[in-house]
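Welcome! Take a moment to look over the sequence and the fold, and then we will walk through them together.

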Amino acid sequence: MRICMIGTGYVGLVSGACFADFGHDVTCVDKMPEKIEGLLAGRMPIWEPGLEALVKHNAEHGRLKFTTDLIEGIRDADAVFIAVGTPARRGDGHADLSFVYAAAKEIAGALTKKAVVVTKSTVPVGTGDEITRILRENGAPEGTSVASNPEFLREGAAIRDFKIPDRIVVGAEDEFAREVLREVYRPLFLNKAPILFTGRRTAELIKYAANAFLATKISFINEIADLCEAVGADVQEVSRGIGLDNRIGPKFLHAGPGYGGSCFPKDTLALLQTAEKEGVGMRIVGSVVEVNDARKAAMADRVREVLGGELQGKKVGVLGLTFKPNTDDMRDAPSLALIRRLQEGGAEVVAFDPVGREQAEPMLPGVTFAEDAYTVAAGADALVLVTEWDEFRALDLKRIAGAMRGNHLVDLRNVYEPADVLRAGLTYRGIGRGELQG
């Protein structure tokens with residue numbers, strides 16, 4: 001099938017490359033010439049394991065093309081996916097749909113035959129109805145349909161998630177849209193990937209509900225971690241103990257500095273805004289957002305405590321900046337709130353991230369960026385692990401201790417065993433594992 005993907009961000013580029021790898025003829029369109037020029041030269045605008053090789057392979061075989069020309073990209077397309085950004089609007093938290101609606105208007109004028117216009121972007125309930133109106137009023141061919149096909153990709157594992165999905169959700173109002181999307185995803189039927197057909201509004205809500213529930217699990221275990229510290233329990237063992245219950249499951253029960261990234265923060269806010277508009281109270285989701293915001297703000301206090309209550313004149317090393325490992329995404333990363341509060345307290349901050357430096361530097365003025373973890377530790381009064389990159393798991397802790405001026409390790413991801421840290425001559429402060437040890 002001929003597929004056009006509008007937007008070459010995280011969702012659009014991964015989805016387009018995977019569709020091409022299935023054998024579809026895919027054209028990715030973006031308004032930013034520098035992004036298209038980079039992609040044509042083999043440079044990825046995002047960091048995702050395996051993506052560069054996947055793009056290169058399918059581009060070389062002629063199945064994946066890139067252009068800034070929307071008319072060229074849409075020509076003869078059977079399905080046009082909208083995969084543009086929907087950031088939270090400043091001030092009210094509503095999803096900014098201006099890029100989605102602008103794309104819909106341009107699509108209407110570029111279509112030469114009926115097609116299915118598919119929202120891949122995360123959008124509030126009712127967005128598909130508005131896109132339908134825009135297409136109709138701007139001359140889209142008769143029979144053009146609008147569907148919702150939300151993405152469920154984890155950054156760092158997106159290609160695998162796309163090719164071996166838990167489920168494929170398609171929200172459609174007519175058989176034409178269902179049939180086209182059934183054909184688009186037919187290559188996945190061999191993997192027995194379940195495809196769920198629903199109404200369009202239901203599909204739009206599924207995405208927000210899923211992210212809100214996962215965010216709830218994170219905020220829940222973070223509150224349990226605080227209780228563990230107060231009563232002398234170990235949150236790692238509590239998480240395992242409840243996660244072995246099949247009704248609960250172990251995923252997203254890892255205590256830490258709070259959630260960040262491109263989805264959970266904005267999607268929980270957008271869900272709250274939708275509920276408020278409809279006059280529906282959502283106290284659980286509202287509490288999740290409040291708990292997470294407070295969580296990120298409180299992480300600097302843990303560093304302050306191990307340093308005797310004083311940050312002024314202290315040097316703090318930070319390991320990991322991105323909101324999670326295996327991505328360069330800095331959106332709403334816990335490291336941002338942590339570092340800003342450390343700086344406000346008078347601390348000097350030195351940081352290292354394996355791939356996130358380019359994205360992080362403009363967001364963190366005044367931070368010194370190092371080339372590796374051991375350089376970060378040199379002369380530091382405290383070392384804080386924020387993102388659990390694999391390369392941080394097997395650090396030589398004795399070498400770290402020897403390089404530091406102080407001896408405090410604050411482990412915000414519970415990567416290390418306290419006994420190993422203490423043997424290296426460092427003190428240890430984790431999450432939900434008691435107070436400062438050593």
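In this predicted model, K315 stands opposite E348 in β10. Strands β9 and β10 pair in the parallel sense over 5 bridges, where pairing requires that DSSP finds at least two bridges between two strands. Local features need pLDDT of at least 70 and side-chain atom pairs count only at pLDDT 80 or more, while totals for chains, interfaces and linings use all residues. Residues are numbered from 1 along each chain as its sequence is written, and side-chain values use heavy atoms, with hydrogens and water left out.

**The sheet**

- Strands of a sheet pair through backbone hydrogen bonds, either parallel or antiparallel.
- Here, an open sheet of 6 strands runs in the order β11-β10-β9-β12-β13-β14, with parallel pairing.
- Its edge strands, β11 (368-369) and β14 (427-429), each pair on one side only.
- Strand β13 (residues 408-411) pairs with β14 in the parallel sense over 3 bridges, and H408 stands opposite T427 in β14.
- Strand β10 (residues 348-352) is mostly covered, with 4 of its 5 residues buried; buried means under 20% relative accessible area, exposed over 50%, and partly exposed in between (1.4 Å probe, protein chains only).
- Helix α12 (residues 283-306) lies across β9 (315-319), β12 (382-385), β13 and β14, and runs at about 155° to β14. Axes are lines fitted to C-alpha atoms, for helices over the stretch in contact, and angles run from 0 to 180 degrees between N-to-C directions.

**A pair of helices**

- Helix α5 (residues 98-110) packs with helix α6 (residues 127-137) at an angle of about 35°, and their axes are 9 Å apart.
- In α5, the residues V100, Y101, A104, K105, I107 and A108 meet T127, E130, I131, I134 and L135 of α6 (contact means heavy atoms within 4.5 Å).
- The residues of this contact divide into 8 nonpolar, 1 polar and 2 charged. Ala, Val, Leu, Ile, Met, Phe, Trp, Tyr, Cys and Pro count as nonpolar, Asp, Glu, Lys and Arg as charged, and the others, Gly among them, as polar.

**The whole protein**

- The protein has 17 helices and 14 strands; these are DSSP runs numbered from the N terminus, with helices (H or I) of at least four residues and strands (E) of at least two.
- Its C-alpha trace spans about 70 × 50 × 45 Å along the principal axes.
- Buried residues make up 53% of the 438 residues.
- Among contacts with a separation of 6 or more, 73% come from residues 24 or more positions apart.
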